[in-house]
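Work through the exercises below with the structure open. Try each task before reading its solution.

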Amino acid sequence: MSKSSSLDVISSLCKRRGFIFHSSEVYGGINGFWDYGPMGCEMKRNIKEDWWRFTVRNREDVAGLDATIIMHPAIWKASGHLDTFSDPMSTCRACKKLMRADQVWDILTDGEIGQSLTALLAEGADAARIAGWCKGKAKGLAPNLAAVLDADALTAAFEAVKADPSLAATVQALYTLLANAKGPQPAVTPCPYCGGELTEPRPFNLMFKTIVGPVEDPSNVAYLRPETAQAIFAQFQNVLATSRQQVPFGIAQMGKSFRNEVTPRNYTFRSREFEQMELEYFIRPDEAVALICGKVITLADSPDLSTPQDAWGWEVWHKYWVEQRKAWIQACGLPADSFVEYWQKPEELAHYARACVDIQYSFPFGVQELEGIAARSDFDLSQHQKHSGKSMEVFDEPLKLAAAKLDDAARAAFVETVVADWTGRGKDADAARAFVAKLFEGKYVPHVIEPSAGVDRMMLALLCNAYEEQKLVDEKGKEDVRVVLHFSPRIAPVKVAVFPLVKNKPEVYNKAREVFEYLRRRYATFWDEGGAIGRRYRRQDEIGTPWCVTIDFQTLDDGTVTVRDRDTMRQERVTLEQLKAKLEEALIV
Ligand code: GAP
């Protein structure tokens with residue numbers, strides 16, 4: 001058996017079997033946009049429903065929200081997206097292509113030029129071979145490299161490599177040398193598409209703009225949301241007032257987000273329109289926990305993460321949600337060893353964030369972010385409080401009662417502790433005092449832990465993980481390759497397929513329709529009456545259907561059917577009651 005997960009192989013299966021199509025394909029497609037076909041939309045729906053069940057329905061402390069995609073533009077000013085939600089963009093002065101400046105080397109490595117240079121290095125890239133490459137292949141691949149355009153530059157590169165072979169030791173070093181051998185100083189970054197000179201990076205805001213109403217005036221500019229999270233913050237007080245929740249509690253939302261990515265790439269991984277599943281889980285500030293519980297449990301206390309406790313501080317809540325997210329990812333079918341937790345380093349964190357973990361999956365194009373879990377302090381609600389002028393504070397009765405029990409000396413000591421902690425973290429002493437004064441009244445702006453996942457990325461990871469090409473040999477020694485998607489039953493687009501053994505015998509056919517009608521009222525069920533049973537099995541394997549049920553003449557006699565298991569290919573005869581019980585056990589969660 002071989003597990004193949006090249007992106008080309010997977011995308012071609014996805015096209016062939018109706019999972020994913022290029023958007024607007026008949027017009028040549030549109031970069032960064034994807035459509036989900038009959039199988040894809042079922043699978044995507046399963047992922048979202050499973051997330052919703054896990055995050056909202058199965059919990060008593062999370063409420064849902066379904067907000068609009070276009071919101072008041074002030075939201076994006078408050079959140080910081082208008083000013084800072086940008087990627088560095090460069091343009092090639094020669095071929096005019098735009099690209100993310102921080103992805104130049106990835107684009108080079110993934111592309112034809114990178115592959116050709118890798119092969120050259122593997123052969124031993126001495127000066128003569130490099131010269132041959134520049135005069136031959138590079139003319140078509142990277143025509144704007146200085147060493148390709150200009151014989152003197154080529155000679156300069158040639159001499160440089162002779163003097164110092166390390167200048168040609170890696171694809172990046174060699175490509176840079178060939179672009180700069182006789183070029184301007186300081187050295188330019190070469191275009192990964194043609195070898196031309198790239199402009200200095202400049203920030204490019206990723207939000208899509210639109211106009212609300214008939215008048216094309218700057219005052220009517222609005223944005224397609226680049227994340228679902230901000231609506232949750234903006235509607236925080238409405239949800240709190242109507243959901244009978246109290247901190248700690250969460251608000252969950254899933255839906256479309258839009259980012260005008262400079263270089264959408266790696267299939268659906270970085271798209272311009274995609275779906276997110278986000279939870280904002282609001283918690284007490286640690287200072288409030290300390291007042292109420294007399295202590296704050298941190299990770300150093302090695303807490304049991306299975307049941308939330310009042311005394312948990314932000315650090316434990318954050319880790320709790322990392323564990324919850326990992327549990328869900330595994331329940332969807334990604335094995336624990338296929339992803340890792342990457343804890344962002346202090347210098348990588350946004351200024352307001354206290355911690356951020358990326359769950360990274362080993363995609364065919366590298367280990368990349370599947371989703372993130374951030375501890376965002378009270379930044380978001382405080383920003384909306386400041387910009388909207390509306391209070392985002394909550395009143396916490398146990399906090400007021402706990403504060404009321406403190407005598408003057410204890411209050412003064414508490415103030416001093418908080419001031420020392422805040423100033424130690426570079427924050428303002430007066431702000432700390434004002435914050436504590438509010439705490440004594442039982443009020444604060446909640447802090448938030450944000451697990452934020454992408455539906456499309458999860459689906460891509462599940463497809464990559466599920467794909468397998470199995471080499472089979474039949475009884476006559478004939479070799480064959482079976483393509484199979486090993487989806488977990490809860491994620492599989494079709495749960496069960498029903499086949500009549502023959503279609504020209506009404507008794508068998510009608511019995512099979514009866515079974516099909518029963519099953520399809522409960523599960524996504526596929527009817528297939530065409531071709532040999534073996535061919536029908538293979539068609540279901542390619543879309544990951546866990547079970548195929550065949551109705552034959554024996555069914556008419558004893559009521560049993562044949563169930564064939566996708567992964568083991570084993571067939572067993574079971575009664576209809578046993579079949580129902582089997583499906584129920586696997587699919588009712
Ligand atoms: N509210 C936080 C937030 O949006 P993010 O890391 O920018 O954080 C969260 O996005 C998740 O959304 C990512 O981990 C990824 O799964 C998904 N995502 C982000 N940009 C995407 C894109 N261009 N295409 C597909 N999925 C994307």
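A patch is built from residues with over 30% relative accessible area and no salt bridge, joining like charges within 9 Å and nonpolar side chains (Val, Leu, Ile, Met, Phe, Trp, Tyr) within 5 Å. A salt bridge is a side-chain nitrogen of Lys or Arg within 4 Å of a carboxyl oxygen of Asp or Glu. Accessible areas come from the Shrake-Rupley method with a 1.4 Å probe, and for residues only the protein chains shown count as cover.

This is a predicted model: local features need pLDDT of at least 70, side-chain atom pairs count only at pLDDT 80 or more, and totals for chains, interfaces and linings use all residues. Residues are numbered from 1 along each chain as its sequence is written, and side-chain values use heavy atoms, without hydrogens and water.

**Exercise 1. Describe the surface patch that includes F553.**

Step 1. Helices (H or I, at least four residues) and strands (E, at least two) are DSSP runs, numbered from the N terminus.
Step 2. Classify F553. Buried means under 20% relative accessible area, exposed over 50%, partly exposed in between (1.4 Å probe, protein chains only). At 39%, F553 is partly exposed.

**Exercise 2. Is F274 buried or exposed, and which residues does F274 contact?**

Step 1. Find F274 in strand 10, residues 273–283.
Step 2. Its relative accessible area is 13%, so F274 is buried.
Step 3. List contacts (heavy atoms within 4.5 Å). Beyond neighbours within four places in sequence, F274 touches P226, G255, K256, S257, F258, R259 and D456.

**Exercise 3. Explore the surroundings of the ligand.**

Step 1. Count the residues near the ligand (a heavy atom within 4 Å). There are 19, and the closest are E227, R259, E278, E369 and L370.
Step 2. Check atom pairs. A polar side-chain atom of R259 sits 2.8 Å from a ligand oxygen. A polar backbone atom of G454 is 3.0 Å from an oxygen of the ligand.
Step 3. Look at the cover. The ligand alone exposes 560 Å², and the protein buries 89% of that.

**Exercise 4. Where does T545 lie, and which side chain makes a polar contact with the side chain of T545?**

Step 1. T545 is in the loop between helix 22 (533–543) and strand 21 (547–551).
Step 2. With a relative accessible area of 0%, T545 is buried.
Step 3. The partner is the side chain of Q540, at 2.6 Å. A polar contact is a pair of N or O atoms within 3.5 Å; within protein, one must be able to donate a hydrogen and the other to accept it, and residues adjacent in sequence count only if both atoms are side-chain atoms.

Definitions and conventions
Near = heavy atom within 4 Å.
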